[in-house]
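Subject: Structure for you to look at

Hello,

Here is the structure I said I would pass on. Please open it and keep it in view while you read the notes below.

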Amino acid sequence: EPPKSGTAPITVLSELIDLVAFELGRQARELAAAAARSAEQQARLAGKTDNLAQLQNTLKAQSDKIFAQQSSLGAAQQEVAALRGQLEARSAQQGVIEGEIRRQVEEYGRLKRQLLQQEELQDALAAKTEQQAATAARCGDLEVQLARAIEQGAANSQRLAALKVCCLAVAAAAVL
């Protein structure tokens, strides 16, 4: 049975409203997914910031330790010079003095290894800093996308409200 002449526009408008409502629902789901991705990125960034702070604390502790050890190394090097002077004067104590020199050389090697470890930590810190910057940039991009999606959702809501008003006006006109 063909639709009544007054109900055809209402049916079309009803279908348009359903289509707009479906599209708004889809966009709302996309917006929620974008917000979830943004929250996940921010949580990762917070974790990486904590890791960075731990690395910075470790680096500072290592730097302080190496500074103290470098001071010790300077004192040890002065002690080696004194021991060498004593070696010439006390040849009977040669074995003891050579043992002390070996110990100082081993200490120097240990300190050198620690210095290399500090450099590795600095490299790791630089890599983490770059990684954090990239993550922060990605979060910024997601925030921009989220803002755009929110603006688009608001515009669609306004269009839906206007369509409803228009539908009500057409329905009222059709009734009259």
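The notes below go from the overall shape to single residues.

This is a predicted model, in which local features need pLDDT of at least 70 and side-chain atom pairs count only at pLDDT 80 or more, while totals for chains, interfaces and linings use all residues. Residues are numbered from 1 along each chain as its sequence is written, and side-chain values use heavy atoms, with hydrogens and water left out.

Overall shape

The protein has two helices and zero strands; these are DSSP runs, numbered from the N terminus (H or I, at least four residues, for helices; E, at least two, for strands). Its C-alpha trace spans about 125 × 25 × 15 Å along the principal axes. The radius of gyration is 37 Å, whereas a compact globule of 176 residues would have one near 16 Å. That radius is taken over C-alpha atoms, and the globule rule is 2.2 Å times the number of residues to the power 0.38.

Of the 176 residues, 18% count as buried. Buried means under 20% relative accessible area, exposed means over 50%, and partly exposed is in between (1.4 Å probe, protein chains only). The protein exposes about 12200 Å², with carbon and sulfur atoms supplying 59% of it; accessible areas come from the Shrake-Rupley method.

Among contacts with a separation of 6 or more, 85% are between residues 24 or more positions apart. A contact means heavy atoms within 4.5 Å.

Single residues

Thr-135 lies in helix H2 (residues 94–175). Thr-135 is buried, at 9% relative accessible area. Leaving out residues up to four places away in sequence, Thr-135 touches Gln-41, Leu-45 and Lys-48.

Leu-19 is in helix H1 (residues 8–89). Leu-19 counts as exposed because its relative accessible area is 53%. Together with Val-12, Leu-16 and Phe-22, Leu-19 makes a nonpolar surface patch of about 390 Å².

Cysteines

How many disulfides does a search of the whole structure find? The search finds zero, a disulfide being a pair of cysteine sulfur atoms within 2.5 Å. Cys-166 is in no disulfide, and the nearest cysteine sulfur, that of Cys-167, is 5.8 Å away. Cys-167 is likewise in no disulfide, with the sulfur of Cys-166 as its nearest cysteine sulfur. Cys-166 is partly exposed, at 38% relative accessibility, whereas Cys-167 is buried, at 9%.

Regards

Key
Patches are made of residues with over 30% relative accessible area and no salt bridge: like charges are joined within 9 Å, nonpolar side chains (Val, Leu, Ile, Met, Phe, Trp, Tyr) within 5 Å. Accessible areas come from the Shrake-Rupley method with a 1.4 Å probe; for residues, only the protein chains shown count as cover. A salt bridge is a side-chain nitrogen of Lys or Arg within 4 Å of a carboxyl oxygen of Asp or Glu.
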